[in-house]
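A few lead sentences come first, followed by points grouped by topic.

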Amino acid sequence: YNKMFITGGHTARRLWRQSVRNFGGKERVIVQRLKSVTTIEKITKSMKMVASSKMNQDIKRLRAGENYGRNAVDHIFKADLYMQRKMPAEVAEPRELLIPITSDKGLCGSINSGLARMLRGYIGSDTNRFGIYSLGEKGSNALRRPFASIYKGGATDLTYPINYSLSLALADKIGRMADDYDKIVLVHNKFVNAVTFKIHRIELMTKKRFAECMKFQRLYEMEKPDATTAVPAIYELYISSNLYYAQLQNAACEQSSRMVAMDNASKNAGEMVEKLTLEFNKARQQSITMELCEIISGAEAL
């Protein structure tokens, strides 16, 4: 920077500029950036380790609970051929209640944005046939504004880890909301492996259609309790077991995606640390060279 000095007596004044170099200013800025990036690298490495541990636990819960109740109800419809022939036909353009399952927390890659993008393309401009009830804060934030006319609400700050009691309560609310629709569609991320997941859809019947189909059930006999009591209970198991399965899948995908995202962030931070270290060494060497040149020049002037 430049300093301005004014000197002189009563009749004359002289004005000149003296250049003053700010040695070490650039180095201090680089050191501050280096410290912050190093701290970020440590944080992302820790988050990767935590996500990896949680992912292993979620995978165990998924393997233990993915078949709970889900296949039992589906087997009733697959095994009873008479009910398959007599059940009412589906509507050509059914009204669908979409249940996107997302996470409450971020920093987990593209599992939430990819699912929201898929739903925007699936719904398009034909919003009259759809309704949306989202699970997870990220899904609510992504879908509330573009689909305000069909957005029916959402559930956020859900309990972690996923438990069946929570799924049962959510299934009861979803079942009551679906009375004006023809089908329920669960949209979630399906776990493939630690680095891969894909968007999956589960189409479920509403309570009205389920009861109509169960009237033609002939393969199994219902004695105690009677059909009036058993059918609603079976429907609760049908909805809650599928929702529990979808939530387990999405939880495993969330942690695996967060682990990969934090691993990439750690690598990027490490590369930035190397670049900043090289830049700092260059700046320090430049200032040392400049000081040596000035010392030599001053010595020669004397």
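L107 counts as exposed, because its relative accessibility is 55% and the threshold for exposed is over 50%. The model is predicted. L107 is located in the loop between β3 (96-100) and α4 (111-123). The points below begin with the backbone at this residue and then turn to helices, the sheet, and contacts between side chains.

**Backbone features in the loops**

- The phi angle of L107 is near 55 degrees, which is a positive value in a residue other than glycine.
- Most residues other than glycine have a negative phi, and most peptide bonds are trans.
- D157 also has a positive phi, of about 55 degrees, although D157 is not a glycine.
- The loop between β5 and α6 holds D157, and this residue is exposed, with a relative accessible area of 64%.
- P161 is found in the loop between β5 and α6.
- The peptide bond that leads from Y160 to P161 is cis, with omega near 0 degrees.

**Helix α4**

- Helix α4 consists of 13 residues and reaches 19 Å from its first C-alpha to its last, which is close to the 18 Å expected at 1.5 Å a residue.
- The buried residues in α4 are I111, N112, G114, L115, A116, L119 and I123.

**Helix α6**

- The 14 residues of α6 should span 20 Å at 1.5 Å a residue, and the end C-alpha atoms of this helix are 20 Å apart, which agrees.
- Within α6, the residues L166, S167, L170, A171, I174 and G175 are buried.
- These buried residues fall within an arc of 160 degrees when α6 is seen down its axis, so they line one face of the helix.
- An α-helix has 3.6 residues a turn, so residues three or four places apart point the same way.

**The sheet**

- Five strands form an open sheet in the order β5-β4-β3-β6-β7, and their pairing is mixed.
- From one strand to the next, the twist averages 25 degrees.
- Strand β6 (residues 183-193) and β7 run antiparallel and are joined by 10 bridges.
- V187 stands opposite R201, a residue of β7.

**Aromatic pairs**

- The structure has eight aromatic pairs, counting rings whose centres lie within 6.5 Å.
- One of these is the pair of F77 and Y238, which is tilted, with 6.5 Å from centre to centre and 45 degrees between the planes.
- F77 belongs to helix α2 (residues 70-79) and Y238 to helix α8 (residues 227-301), so this pair ties together parts that are 161 residues apart in sequence.
- F77 and Y238 are both buried.
- The ring centres of Y164 and Y244 are 5.5 Å apart and the planes stand at 90 degrees, so this pair is edge-to-face.
- Y164 lies in helix α6 (residues 164-177) and Y244 in helix α8, so the pair ties together parts that are 80 residues apart in sequence.
- Y244 is buried, because its relative accessible area is 12% and buried means under 20%.
- One aromatic cluster is formed by F77, F210, Y235 and Y238.

**Charged groups over rings**

- R70 places its charged end over the ring of Y245, 3.8 Å from the centre of that ring.
- R61 lies over the face of Y160, at 6.0 Å from the ring centre.

- Q57 lies in helix α1 (residues 25-65).
- With a relative accessible area of 37%, Q57 is partly exposed.
- Q57 and Q255 are 198 residues apart in sequence, while their C-alpha atoms are 9.8 Å apart in space.

How values were computed
Residues are numbered from 1 along each chain as its sequence is written. This is a predicted model: local features need pLDDT of at least 70, side-chain atom pairs count only at pLDDT 80 or more; totals for chains, interfaces and linings use all residues. Side-chain values use heavy atoms; hydrogens and water are left out. Rings of Phe, Tyr and Trp (its six-membered ring) pair if their centres lie within 6.5 Å; planes under 30 degrees apart count as stacked, over 60 as edge-to-face and the rest as tilted. Helices (H or I, at least four residues) and strands (E, at least two) are DSSP runs, numbered from the N terminus. Buried means under 20% relative accessible area, exposed over 50%, partly exposed in between (1.4 Å probe, protein chains only). A charge sits over a ring if NZ of Lys or CZ of Arg is within 6 Å of the ring centre and within 35 degrees of the ring normal. Two strands pair if DSSP finds at least two bridges between them. Axes are lines fitted to C-alpha atoms, for helices over the stretch in contact, and angles run from 0 to 180 degrees between N-to-C directions. The expected span of a helix is 1.5 Å times one less than its number of residues. The arc is that of the directions from the helix axis to the C-beta atoms.
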